Amino acid sequence: MLKRYLRLLGIQLKASGLLSLQYRADFFTDGLTSLFWTFTALAPLFVVYRERPNIEGWSFGEALLVVGWFTLLQGILEGAINPSLTGVVEHIRKGTLDFVLLKPADAQFLVSTQRFQPWRAFNVLTGLGLFVYAFARLGQWPSVPGLLASVVLLGTSTLLLYSMWILTVSAAFYVVRVDNLTYLFSSIFDFARWPSAVFQGVGRGVLTLVFTYVIPLALMTTFPAEAMLGRLKPHALLGAVVGAVVFAWGSRQVWLRSIRRYTSASS
Amino acid sequence: MSARTVWRAFPTLLRVGFAEAVAYRAEMLIWVLSTTMPLVNMVLWMAVARDAPVGRFGEADFISYFLATFAVRQLATSWAAWLINWEVKQGVLSMRLLRPISPLWTYAVESIANFPMRLVVAAPVVLLSVALVGARAVPQHAWQWGFFVLALLGGWAIAFLANVAIGALCFFLESSERVLEVWLVLFFVCSGYMYPVELLPPTLRTVIDWLPFRYQIGLPVEMLTGAFGWEESVRLLGAQWAWVAALAALAAFTWKQGVRRFAAFGG
(Lines give C-alpha, C1' and ligand atoms only; values in the text may rest on other atoms or scores of the structure.)
Protein backbone atom coordinates (compact mmCIF):
# COMPACT_ATOMS: atom_id res chain seq x y z
CA MET A 1 0.00 0.00 0.00
CA LEU A 2 2.56 2.52 1.17
CA LYS A 3 5.00 1.27 -1.45
CA ARG A 4 2.44 1.78 -4.17
CA TYR A 5 1.82 5.37 -3.11
CA LEU A 6 5.54 6.09 -2.90
CA ARG A 7 5.93 4.80 -6.43
CA LEU A 8 3.01 6.94 -7.58
CA LEU A 9 4.59 9.97 -5.93
CA GLY A 10 7.83 9.17 -7.73
CA ILE A 11 6.05 9.08 -11.08
CA GLN A 12 4.21 12.35 -10.45
CA LEU A 13 7.45 14.04 -9.33
CA LYS A 14 9.27 12.82 -12.41
CA ALA A 15 6.56 14.14 -14.72
CA SER A 16 6.62 17.56 -13.06
CA GLY A 17 10.40 17.58 -13.05
CA LEU A 18 10.61 16.88 -16.76
CA LEU A 19 8.05 19.57 -17.45
CA SER A 20 10.04 22.12 -15.44
CA LEU A 21 13.25 21.20 -17.21
CA GLN A 22 11.65 22.38 -20.43
CA TYR A 23 11.34 25.84 -18.93
CA ARG A 24 14.77 26.21 -17.38
CA ALA A 25 14.93 29.96 -17.96
CA ASP A 26 12.02 30.31 -15.53
CA PHE A 27 14.46 29.53 -12.74
CA PHE A 28 15.97 32.98 -13.18
CA THR A 29 12.84 35.00 -13.91
CA ASP A 30 10.76 33.28 -11.20
CA GLY A 31 13.68 33.43 -8.81
CA LEU A 32 14.31 37.11 -9.40
CA THR A 33 10.67 38.08 -9.01
CA SER A 34 10.24 36.11 -5.80
CA LEU A 35 13.47 37.60 -4.45
CA PHE A 36 12.01 40.98 -5.27
CA TRP A 37 8.78 40.17 -3.44
CA THR A 38 10.78 39.18 -0.36
CA PHE A 39 11.77 42.79 -0.20
CA THR A 40 8.17 43.74 0.60
CA ALA A 41 8.33 41.47 3.65
CA LEU A 42 11.60 43.03 4.80
CA ALA A 43 10.92 46.71 4.14
CA PRO A 44 8.45 47.21 7.05
CA LEU A 45 10.91 45.51 9.41
CA PHE A 46 13.69 47.87 8.43
CA VAL A 47 11.41 50.85 8.96
CA VAL A 48 10.01 49.55 12.26
CA TYR A 49 13.36 48.66 13.77
CA ARG A 50 14.76 52.04 12.82
CA GLU A 51 12.37 53.40 15.47
CA ARG A 52 12.77 50.76 18.18
CA PRO A 53 15.46 48.22 19.11
CA ASN A 54 12.90 45.76 20.39
CA ILE A 55 9.19 45.09 19.75
CA GLU A 56 7.18 42.92 22.14
CA GLY A 57 10.37 41.14 23.13
CA TRP A 58 11.61 40.52 19.58
CA SER A 59 14.84 42.07 18.35
CA PHE A 60 15.51 42.75 14.66
CA GLY A 61 17.48 39.54 14.16
CA GLU A 62 14.82 37.46 15.89
CA ALA A 63 11.98 38.99 13.89
CA LEU A 64 14.06 38.35 10.79
CA LEU A 65 13.95 34.64 11.62
CA VAL A 66 10.15 34.78 11.55
CA VAL A 67 10.26 36.47 8.15
CA GLY A 68 12.72 33.79 7.08
CA TRP A 69 10.24 31.08 8.01
CA PHE A 70 7.45 32.99 6.31
CA THR A 71 9.51 33.19 3.12
CA LEU A 72 10.53 29.55 3.28
CA LEU A 73 6.93 28.41 3.71
CA GLN A 74 5.88 30.67 0.88
CA GLY A 75 8.40 28.84 -1.29
CA ILE A 76 6.89 25.49 -0.30
CA LEU A 77 3.42 26.86 -0.88
CA GLU A 78 4.19 28.17 -4.33
CA GLY A 79 6.39 25.31 -5.45
CA ALA A 80 4.60 22.27 -4.09
CA ILE A 81 1.11 23.11 -2.87
CA ASN A 82 -0.32 25.90 -5.01
CA PRO A 83 0.29 24.41 -8.49
CA SER A 84 -1.52 21.16 -7.69
CA LEU A 85 -4.41 22.69 -5.89
CA THR A 86 -5.08 25.39 -8.46
CA GLY A 87 -5.31 22.41 -10.77
CA VAL A 88 -8.12 20.98 -8.61
CA VAL A 89 -10.11 24.16 -8.88
CA GLU A 90 -9.73 23.93 -12.65
CA HIS A 91 -10.82 20.27 -12.55
CA ILE A 92 -13.94 21.13 -10.55
CA ARG A 93 -14.86 23.97 -12.86
CA LYS A 94 -14.45 21.96 -16.04
CA GLY A 95 -15.83 18.73 -14.63
CA THR A 96 -12.64 16.80 -15.40
CA LEU A 97 -12.31 15.78 -11.77
CA ASP A 98 -14.23 12.68 -12.86
CA PHE A 99 -11.07 11.28 -14.41
CA VAL A 100 -9.20 11.69 -11.15
CA LEU A 101 -11.97 10.15 -9.08
CA LEU A 102 -12.15 7.15 -11.38
CA LYS A 103 -8.51 6.26 -10.80
CA PRO A 104 -7.84 3.46 -8.33
CA ALA A 105 -5.97 5.62 -5.83
CA ASP A 106 -6.92 8.12 -3.18
CA ALA A 107 -8.26 11.27 -4.85
CA GLN A 108 -6.77 13.67 -2.32
CA PHE A 109 -3.35 12.10 -2.86
CA LEU A 110 -3.67 12.30 -6.63
CA VAL A 111 -4.79 15.90 -6.79
CA SER A 112 -2.22 17.05 -4.24
CA THR A 113 0.70 15.58 -6.14
CA GLN A 114 -0.33 16.30 -9.69
CA ARG A 115 1.99 19.24 -10.25
CA PHE A 116 5.17 20.62 -8.70
CA GLN A 117 6.95 23.75 -9.87
CA PRO A 118 10.45 23.60 -8.44
CA TRP A 119 11.47 26.96 -9.90
CA ARG A 120 8.73 28.65 -7.92
CA ALA A 121 10.26 27.23 -4.77
CA PHE A 122 13.11 29.73 -5.01
CA ASN A 123 11.85 31.34 -1.81
CA VAL A 124 13.02 28.29 0.13
CA LEU A 125 16.58 29.34 -0.70
CA THR A 126 15.80 32.96 0.17
CA GLY A 127 14.41 31.79 3.52
CA LEU A 128 17.57 29.83 4.29
CA GLY A 129 19.62 32.88 3.34
CA LEU A 130 17.58 34.99 5.75
CA PHE A 131 18.29 32.48 8.55
CA VAL A 132 22.03 32.79 7.99
CA TYR A 133 21.80 36.58 7.90
CA ALA A 134 19.61 36.68 11.01
CA PHE A 135 21.95 34.52 13.05
CA ALA A 136 24.92 36.54 11.86
CA ARG A 137 23.11 39.66 13.12
CA LEU A 138 22.33 37.97 16.41
CA GLY A 139 25.96 36.91 16.80
CA GLN A 140 25.04 33.40 17.92
CA TRP A 141 24.31 30.06 16.32
CA PRO A 142 21.27 27.87 16.90
CA SER A 143 21.69 24.96 19.31
CA VAL A 144 21.49 21.42 17.96
CA PRO A 145 18.27 20.49 19.81
CA GLY A 146 16.81 23.80 18.71
CA LEU A 147 17.61 23.00 15.09
CA LEU A 148 16.16 19.52 15.41
CA ALA A 149 12.97 20.93 16.91
CA SER A 150 12.72 23.45 14.07
CA VAL A 151 13.08 20.66 11.51
CA VAL A 152 10.18 18.85 13.20
CA LEU A 153 8.22 22.09 13.10
CA LEU A 154 9.01 22.50 9.41
CA GLY A 155 7.10 19.26 8.95
CA THR A 156 4.15 20.38 11.04
CA SER A 157 4.06 23.82 9.40
CA THR A 158 3.98 22.28 5.96
CA LEU A 159 1.24 19.93 7.08
CA LEU A 160 -0.77 22.84 8.50
CA LEU A 161 -0.31 24.91 5.39
CA TYR A 162 -1.36 22.01 3.22
CA SER A 163 -4.41 21.31 5.40
CA MET A 164 -5.50 24.93 5.33
CA TRP A 165 -5.18 24.79 1.58
CA ILE A 166 -7.28 21.64 1.39
CA LEU A 167 -9.95 23.45 3.40
CA THR A 168 -9.85 26.37 0.97
CA VAL A 169 -10.09 24.06 -2.01
CA SER A 170 -12.98 22.18 -0.43
CA ALA A 171 -14.80 25.49 -0.62
CA ALA A 172 -14.50 25.19 -4.40
CA PHE A 173 -17.17 22.51 -4.31
CA TYR A 174 -19.61 24.99 -2.80
CA VAL A 175 -18.69 28.29 -4.49
CA VAL A 176 -18.15 28.38 -8.21
CA ARG A 177 -15.50 31.03 -8.79
CA VAL A 178 -12.60 30.22 -6.56
CA ASP A 179 -9.53 31.35 -8.42
CA ASN A 180 -9.52 34.40 -6.23
CA LEU A 181 -9.95 32.29 -3.10
CA THR A 182 -6.27 31.52 -3.56
CA TYR A 183 -5.51 35.23 -3.18
CA LEU A 184 -7.68 35.35 -0.10
CA PHE A 185 -5.70 32.46 1.31
CA SER A 186 -2.32 34.08 0.73
CA SER A 187 -3.55 37.32 2.22
CA ILE A 188 -4.59 35.53 5.41
CA PHE A 189 -1.21 33.83 5.42
CA ASP A 190 0.31 37.33 5.29
CA PHE A 191 -0.52 37.69 8.98
CA ALA A 192 2.18 35.10 9.66
CA ARG A 193 4.84 37.62 8.67
CA TRP A 194 5.35 39.00 12.15
CA PRO A 195 6.08 37.31 15.47
CA SER A 196 2.70 36.43 16.95
CA ALA A 197 3.52 38.47 20.08
CA VAL A 198 2.73 41.56 17.99
CA PHE A 199 -0.96 40.63 18.12
CA GLN A 200 -1.12 40.53 21.92
CA GLY A 201 -2.31 44.09 22.33
CA VAL A 202 -5.14 43.85 19.80
CA GLY A 203 -8.56 43.08 21.27
CA ARG A 204 -7.11 41.92 24.61
CA GLY A 205 -5.21 39.01 23.11
CA VAL A 206 -8.20 37.57 21.26
CA LEU A 207 -6.28 37.83 18.00
CA THR A 208 -3.37 35.84 19.44
CA LEU A 209 -5.77 33.08 20.43
CA VAL A 210 -7.35 33.08 16.97
CA PHE A 211 -4.00 32.88 15.24
CA THR A 212 -2.79 30.11 17.51
CA TYR A 213 -5.81 27.87 17.75
CA VAL A 214 -8.33 28.73 15.01
CA ILE A 215 -6.12 29.71 12.07
CA PRO A 216 -2.83 28.31 13.35
CA LEU A 217 -0.55 30.93 11.82
CA ALA A 218 1.56 31.34 14.97
CA LEU A 219 2.41 27.65 14.84
CA MET A 220 3.71 27.98 11.32
CA THR A 221 6.26 30.78 11.62
CA THR A 222 6.64 31.97 15.21
CA PHE A 223 7.04 28.53 16.80
CA PRO A 224 9.85 27.36 14.48
CA ALA A 225 11.66 30.68 14.90
CA GLU A 226 11.42 30.31 18.69
CA ALA A 227 12.66 26.76 18.40
CA MET A 228 15.73 27.93 16.50
CA LEU A 229 16.40 30.45 19.24
CA GLY A 230 16.01 27.66 21.81
CA ARG A 231 13.11 29.45 23.48
CA LEU A 232 10.31 27.05 22.58
CA LYS A 233 9.08 25.01 25.54
CA PRO A 234 8.85 21.21 25.04
CA HIS A 235 5.12 21.16 25.71
CA ALA A 236 4.59 23.80 22.99
CA LEU A 237 6.49 21.61 20.56
CA LEU A 238 4.37 18.63 21.51
CA GLY A 239 1.23 20.77 21.23
CA ALA A 240 2.25 21.90 17.75
CA VAL A 241 2.75 18.33 16.56
CA VAL A 242 -0.52 17.09 18.03
CA GLY A 243 -2.37 20.19 16.83
CA ALA A 244 -1.06 19.84 13.29
CA VAL A 245 -2.07 16.18 13.12
CA VAL A 246 -5.56 16.94 14.44
CA PHE A 247 -5.92 19.83 12.01
CA ALA A 248 -4.82 17.65 9.10
CA TRP A 249 -7.30 14.96 10.13
CA GLY A 250 -10.07 17.56 10.34
CA SER A 251 -9.32 18.94 6.90
CA ARG A 252 -9.29 15.41 5.50
CA GLN A 253 -12.79 14.89 6.87
CA VAL A 254 -13.97 18.14 5.32
CA TRP A 255 -12.44 17.13 1.99
CA LEU A 256 -14.17 13.75 2.06
CA ARG A 257 -17.46 15.43 2.89
CA SER A 258 -17.14 18.02 0.10
CA ILE A 259 -16.11 15.52 -2.52
CA ARG A 260 -19.33 13.67 -1.85
CA ARG A 261 -21.12 16.81 -2.96
CA TYR A 262 -19.31 16.85 -6.28
CA THR A 263 -21.57 16.44 -9.25
CA SER A 264 -19.73 16.59 -12.51
CA ALA A 265 -19.95 20.04 -14.06
CA SER A 266 -20.62 19.02 -17.61
CA SER A 267 -23.86 17.68 -19.10
CA MET B 1 -13.85 58.37 -32.94
CA SER B 2 -14.70 61.79 -31.65
CA ALA B 3 -15.12 63.20 -28.20
CA ARG B 4 -18.83 63.27 -28.94
CA THR B 5 -19.02 59.50 -29.46
CA VAL B 6 -17.22 58.91 -26.19
CA TRP B 7 -19.52 61.34 -24.44
CA ARG B 8 -22.63 59.70 -25.82
CA ALA B 9 -21.46 56.16 -25.05
CA PHE B 10 -20.40 57.05 -21.52
CA PRO B 11 -23.73 56.64 -19.64
CA THR B 12 -24.47 53.30 -21.30
CA LEU B 13 -21.00 51.98 -20.59
CA LEU B 14 -21.32 53.09 -17.00
CA ARG B 15 -24.64 51.32 -16.64
CA VAL B 16 -23.23 48.11 -18.14
CA GLY B 17 -20.17 48.32 -15.90
CA PHE B 18 -22.30 48.86 -12.82
CA ALA B 19 -24.56 45.93 -13.70
CA GLU B 20 -21.46 43.75 -14.03
CA ALA B 21 -20.13 44.94 -10.70
CA VAL B 22 -23.43 44.04 -9.06
CA ALA B 23 -23.52 40.65 -10.77
CA TYR B 24 -20.04 39.73 -9.56
CA ARG B 25 -20.42 41.21 -6.08
CA ALA B 26 -19.36 38.04 -4.25
CA GLU B 27 -16.16 37.94 -6.24
CA MET B 28 -15.53 41.59 -5.52
CA LEU B 29 -16.03 40.99 -1.82
CA ILE B 30 -13.34 38.31 -1.91
CA TRP B 31 -10.98 40.71 -3.67
CA VAL B 32 -11.70 43.28 -0.99
CA LEU B 33 -11.06 40.79 1.78
CA SER B 34 -7.78 39.81 0.20
CA THR B 35 -6.31 43.30 0.58
CA THR B 36 -5.36 42.63 4.17
CA MET B 37 -1.88 44.12 3.88
CA PRO B 38 -2.80 47.43 5.59
CA LEU B 39 -4.30 45.49 8.49
CA VAL B 40 -1.26 43.22 8.73
CA ASN B 41 0.90 46.29 9.03
CA MET B 42 -1.54 48.06 11.31
CA VAL B 43 -1.09 45.50 14.09
CA LEU B 44 2.68 45.71 13.73
CA TRP B 45 2.72 49.49 14.04
CA MET B 46 0.21 49.44 16.88
CA ALA B 47 2.59 47.19 18.79
CA VAL B 48 5.42 49.63 18.07
CA ALA B 49 3.47 52.68 19.23
CA ARG B 50 1.98 51.05 22.34
CA ASP B 51 4.46 52.56 24.78
CA ALA B 52 5.43 55.78 23.06
CA PRO B 53 4.39 57.51 19.84
CA VAL B 54 6.49 57.18 16.68
CA GLY B 55 7.05 60.64 15.23
CA ARG B 56 3.60 62.23 15.23
CA PHE B 57 1.92 58.80 15.18
CA GLY B 58 0.37 57.37 18.32
CA GLU B 59 -1.49 54.06 18.41
CA ALA B 60 -4.77 55.76 17.41
CA ASP B 61 -3.07 57.59 14.53
CA PHE B 62 -1.83 54.31 13.14
CA ILE B 63 -5.34 52.88 13.34
CA SER B 64 -6.80 55.79 11.39
CA TYR B 65 -3.89 55.78 8.93
CA PHE B 66 -4.15 52.12 8.05
CA LEU B 67 -7.94 51.95 7.99
CA ALA B 68 -7.82 54.91 5.61
CA THR B 69 -5.22 53.03 3.56
CA PHE B 70 -7.54 50.05 3.37
CA ALA B 71 -10.43 52.25 2.25
CA VAL B 72 -8.38 54.21 -0.30
CA ARG B 73 -6.91 51.04 -1.73
CA GLN B 74 -10.42 49.83 -2.60
CA LEU B 75 -10.95 52.87 -4.82
CA ALA B 76 -7.52 53.92 -6.08
CA THR B 77 -6.87 50.63 -7.79
CA SER B 78 -6.93 49.14 -11.26
CA TRP B 79 -6.46 45.75 -12.85
CA ALA B 80 -6.32 46.93 -16.45
CA ALA B 81 -2.83 45.48 -17.00
CA TRP B 82 -4.07 41.93 -16.32
CA LEU B 83 -7.08 42.52 -18.48
CA ILE B 84 -5.02 43.80 -21.40
CA ASN B 85 -2.56 40.93 -21.11
CA TRP B 86 -5.38 38.42 -21.03
CA GLU B 87 -7.34 39.95 -23.87
CA VAL B 88 -4.29 40.21 -26.10
CA LYS B 89 -3.34 36.60 -25.41
CA GLN B 90 -6.88 35.34 -26.04
CA GLY B 91 -7.43 37.56 -29.05
CA VAL B 92 -10.53 39.06 -27.44
CA LEU B 93 -9.04 42.48 -27.98
CA SER B 94 -9.89 42.34 -31.69
CA MET B 95 -13.57 42.50 -30.72
CA ARG B 96 -12.97 45.61 -28.67
CA LEU B 97 -10.96 47.25 -31.43
CA LEU B 98 -13.87 46.87 -33.84
CA ARG B 99 -16.06 49.08 -31.69
CA PRO B 100 -16.20 52.77 -32.51
CA ILE B 101 -14.69 53.71 -29.18
CA SER B 102 -11.16 53.19 -27.89
CA PRO B 103 -10.77 50.15 -25.59
CA LEU B 104 -9.00 52.44 -23.14
CA TRP B 105 -12.27 54.26 -22.49
CA THR B 106 -14.10 51.02 -21.86
CA TYR B 107 -11.40 49.86 -19.44
CA ALA B 108 -11.61 53.17 -17.62
CA VAL B 109 -15.40 53.15 -17.42
CA GLU B 110 -15.43 49.55 -16.19
CA SER B 111 -13.21 50.60 -13.35
CA ILE B 112 -15.21 53.73 -12.54
CA ALA B 113 -18.48 51.79 -12.61
CA ASN B 114 -17.10 49.72 -9.75
CA PHE B 115 -16.87 52.76 -7.49
CA PRO B 116 -20.38 52.58 -5.97
CA MET B 117 -19.94 48.93 -4.99
CA ARG B 118 -16.49 49.58 -3.62
CA LEU B 119 -17.72 52.58 -1.68
CA VAL B 120 -20.15 50.26 0.07
CA VAL B 121 -17.07 48.60 1.56
CA ALA B 122 -14.81 51.61 1.92
CA ALA B 123 -17.24 53.99 3.61
CA PRO B 124 -18.03 51.73 6.61
CA VAL B 125 -14.29 51.27 7.16
CA VAL B 126 -13.87 55.03 7.38
CA LEU B 127 -16.84 55.17 9.76
CA LEU B 128 -15.25 52.43 11.84
CA SER B 129 -12.12 54.52 11.98
CA VAL B 130 -14.17 57.48 13.24
CA ALA B 131 -15.81 55.24 15.83
CA LEU B 132 -12.45 53.96 17.08
CA VAL B 133 -10.34 57.09 16.88
CA GLY B 134 -12.84 59.93 16.99
CA ALA B 135 -13.64 62.77 14.64
CA ARG B 136 -9.96 63.51 13.94
CA ALA B 137 -9.81 60.41 11.72
CA VAL B 138 -11.50 62.48 8.98
CA PRO B 139 -11.04 66.06 7.74
CA GLN B 140 -12.58 68.86 9.78
CA HIS B 141 -12.89 71.47 7.01
CA ALA B 142 -14.77 71.44 3.73
CA TRP B 143 -11.66 72.31 1.71
CA GLN B 144 -9.90 69.24 3.14
CA TRP B 145 -12.74 67.03 1.93
CA GLY B 146 -12.46 68.64 -1.49
CA PHE B 147 -8.72 68.01 -1.58
CA PHE B 148 -9.26 64.44 -0.46
CA VAL B 149 -11.65 63.74 -3.34
CA LEU B 150 -9.20 65.33 -5.75
CA ALA B 151 -6.32 63.28 -4.36
CA LEU B 152 -8.41 60.10 -4.52
CA LEU B 153 -9.28 60.71 -8.17
CA GLY B 154 -5.62 61.42 -8.88
CA GLY B 155 -4.64 58.22 -7.09
CA TRP B 156 -7.07 56.21 -9.17
CA ALA B 157 -5.84 57.89 -12.36
CA ILE B 158 -2.23 57.02 -11.54
CA ALA B 159 -3.15 53.40 -10.86
CA PHE B 160 -5.20 53.13 -14.03
CA LEU B 161 -2.79 54.90 -16.39
CA ALA B 162 0.24 53.02 -15.09
CA ASN B 163 -1.71 49.80 -15.58
CA VAL B 164 -2.52 50.74 -19.16
CA ALA B 165 1.10 51.67 -19.90
CA ILE B 166 2.34 48.38 -18.44
CA GLY B 167 -0.45 46.40 -20.05
CA ALA B 168 0.38 47.89 -23.45
CA LEU B 169 3.94 46.59 -23.09
CA CYS B 170 2.57 43.12 -23.76
CA PHE B 171 2.29 44.08 -27.42
CA PHE B 172 6.08 44.19 -27.42
CA LEU B 173 6.99 41.57 -24.81
CA GLU B 174 4.38 38.84 -25.34
CA SER B 175 3.47 39.14 -21.67
CA SER B 176 4.09 42.08 -19.38
CA GLU B 177 2.99 40.42 -16.17
CA ARG B 178 6.54 40.42 -14.82
CA VAL B 179 6.80 44.15 -15.41
CA LEU B 180 3.57 44.53 -13.49
CA GLU B 181 5.03 42.54 -10.60
CA VAL B 182 8.04 44.84 -10.48
CA TRP B 183 5.69 47.82 -10.44
CA LEU B 184 3.63 46.22 -7.66
CA VAL B 185 6.66 45.55 -5.46
CA LEU B 186 7.79 49.15 -5.87
CA PHE B 187 4.23 50.21 -5.13
CA PHE B 188 4.15 48.18 -1.92
CA VAL B 189 7.46 49.58 -0.72
CA CYS B 190 7.16 53.21 -1.83
CA SER B 191 3.48 54.11 -1.69
CA GLY B 192 2.83 54.40 2.03
CA TYR B 193 0.79 51.22 1.83
CA MET B 194 2.84 49.38 4.45
CA TYR B 195 4.04 52.35 6.50
CA PRO B 196 3.54 56.12 6.39
CA VAL B 197 6.25 57.51 4.11
CA GLU B 198 6.96 60.14 6.76
CA LEU B 199 8.70 57.51 8.83
CA LEU B 200 11.35 56.81 6.18
CA PRO B 201 14.82 58.36 6.39
CA PRO B 202 14.96 61.84 4.76
CA THR B 203 17.01 60.83 1.70
CA LEU B 204 14.62 58.02 0.83
CA ARG B 205 11.68 60.36 1.29
CA THR B 206 13.08 62.79 -1.25
CA VAL B 207 13.39 59.96 -3.75
CA ILE B 208 9.85 58.78 -3.02
CA ASP B 209 8.47 62.29 -3.42
CA TRP B 210 9.71 62.21 -7.01
CA LEU B 211 8.20 58.79 -7.78
CA PRO B 212 4.53 58.26 -8.65
CA PHE B 213 3.77 55.55 -6.08
CA ARG B 214 3.25 57.69 -3.01
CA TYR B 215 0.67 59.78 -4.88
CA GLN B 216 -1.46 56.73 -5.54
CA ILE B 217 -2.17 55.71 -1.93
CA GLY B 218 -0.13 57.81 0.46
CA LEU B 219 -1.42 61.19 -0.60
CA PRO B 220 -5.18 60.43 -0.50
CA VAL B 221 -4.68 58.76 2.88
CA GLU B 222 -2.80 61.76 4.24
CA MET B 223 -5.52 64.04 2.91
CA LEU B 224 -8.19 61.97 4.63
CA THR B 225 -6.34 61.97 7.92
CA GLY B 226 -5.63 65.69 7.58
CA ALA B 227 -1.84 65.45 7.71
CA PHE B 228 -1.05 68.66 5.84
CA GLY B 229 -1.92 72.34 5.87
CA TRP B 230 -3.25 74.22 2.87
CA GLU B 231 0.07 75.06 1.20
CA GLU B 232 1.70 71.66 1.53
CA SER B 233 -1.51 70.04 0.26
CA VAL B 234 -1.58 72.23 -2.85
CA ARG B 235 2.07 71.48 -3.58
CA LEU B 236 1.59 67.71 -3.26
CA LEU B 237 -1.64 67.73 -5.27
CA GLY B 238 0.23 69.62 -7.99
CA ALA B 239 2.92 66.95 -8.02
CA GLN B 240 0.26 64.24 -8.12
CA TRP B 241 -1.57 65.70 -11.10
CA ALA B 242 1.72 66.32 -12.89
CA TRP B 243 2.29 62.56 -12.60
CA VAL B 244 -1.23 61.92 -13.85
CA ALA B 245 -0.49 64.03 -16.93
CA ALA B 246 2.88 62.34 -17.52
CA LEU B 247 1.43 58.86 -17.15
CA ALA B 248 -1.50 59.74 -19.41
CA ALA B 249 0.93 60.75 -22.13
CA LEU B 250 3.00 57.62 -21.59
CA ALA B 251 -0.04 55.34 -21.58
CA ALA B 252 -1.46 56.89 -24.75
CA PHE B 253 1.91 56.62 -26.47
CA THR B 254 2.66 52.97 -25.59
CA TRP B 255 -0.90 51.95 -26.39
CA LYS B 256 -0.85 53.64 -29.77
CA GLN B 257 2.51 52.17 -30.71
CA GLY B 258 1.59 48.78 -29.34
CA VAL B 259 -1.81 48.32 -30.88
CA ARG B 260 -0.26 48.61 -34.34
CA ARG B 261 1.69 45.45 -33.62
CA PHE B 262 -1.41 43.58 -32.50
CA ALA B 263 -2.27 40.53 -34.52
CA ALA B 264 -5.29 38.68 -33.21
CA PHE B 265 -4.64 35.15 -32.09
CA GLY B 266 -7.30 32.53 -32.33
CA GLY B 267 -10.55 32.99 -34.13
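Q: Where does E56(A) lie?
A: E56(A) is in the loop between strand 1 (54-55) and strand 2 (58-59) of chain A. Strands are DSSP runs of E, at least two residues, and helices are runs of H or I, at least four, numbered from the N terminus.

Q: Before I go on, what are the ground rules?
A: Residues are numbered from 1 along each chain as its sequence is written, and chains are lettered from A and ligands numbered from 1 in the order in which they are written. The model is predicted: local features need pLDDT of at least 70, side-chain atom pairs count only at pLDDT 80 or more, and totals for chains, interfaces and linings use all residues.

Q: Back to E56(A). What is its phi near?
A: Near 50 degrees. That is a positive value, in a residue other than glycine.

Q: How many C-beta neighbours does E56(A) have inside 10 Å?
A: E56(A) has 18, so it counts as partly exposed. The cut-offs use other C-beta atoms within 10 Å, placed from the backbone: 20 or more is buried, 12 or fewer is exposed, in between is partly exposed.

Q: Then P195(A): buried or exposed?
A: P195(A) counts as buried, because it has 24 C-beta neighbours inside 10 Å. It is found in the loop between helix 8 (181-189) and helix 9 (206-214) of chain A.

Q: What is P195(A) in contact with, beyond four places in sequence?
A: E56(A), W58(A), A63(A), V66(A) and T222(A). Contact needs C-beta atoms, placed from the backbone, within 7 Å.

Q: New topic: helices. How do you describe two packed ones?
A: By the angle between their axes and the distance between the axes. Axes are lines fitted to C-alpha atoms, for helices over the stretch in contact, and angles run from 0 to 180 degrees between N-to-C directions.

Q: At what angle do helix 2 and helix 3 of chain A pack?
A: About 165 degrees, with their axes 11 Å apart. So helix 2 of chain A is roughly antiparallel to helix 3 of chain A. Under 35 degrees counts as roughly parallel, over 145 as roughly antiparallel, 65 to 115 as roughly perpendicular, and the rest as oblique.

Q: Which residues make that contact between helix 2 and helix 3 of chain A?
A: Helix 2 of chain A brings T38(A), A41(A), L42(A), L45(A) and Y49(A). Helix 3 of chain A brings F60(A), A63(A), L64(A), V67(A), F70(A) and T71(A). By class, that contact has nine nonpolar, two polar and no charged residues.

Q: What goes in each class?
A: Ala, Val, Leu, Ile, Met, Phe, Trp, Tyr, Cys and Pro are nonpolar. Asp, Glu, Lys and Arg are charged, and the others, Gly among them, are polar.

Q: And how far apart are the axes of helix 2 and helix 6 of chain A?
A: They are 9 Å apart, at an angle of about 45 degrees. Helix 2 and helix 6 of chain A are therefore oblique to each other. D30(A), G31(A), S34(A), L35(A) and T38(A) of helix 2 meet F122(A), N123(A) and T126(A) of helix 6. The classes there are two nonpolar, five polar and one charged.

Q: Which residues of helix 2 of chain A meet helix 11 of chain B?
A: T29(A), T33(A), F36(A), W37(A), F39(A), T40(A) and A43(A). Their partners are R178(B), E181(B), V182(B), V185(B), F188(B) and V189(B).

Q: How many residues does each chain put into the contact of the two chains?
A: Chain B gives 27 and chain A gives 29. Helix 3 of chain B gives the most to the chain B side, with eight residues. That side has 19 nonpolar, four polar and four charged residues.

Q: Last one. Which residues touch the most other members of the largest nonpolar core?
A: I76(A), L161(A), W165(A), I158(B), L161(B) and V164(B), out of 138 residues. Such a core is a set of buried Ala, Val, Leu, Ile, Met, Phe, Trp, Tyr and Cys residues joined through C-beta atoms within 7 Å. Helix 3 of chain A gives the most to this core, with 17 residues.
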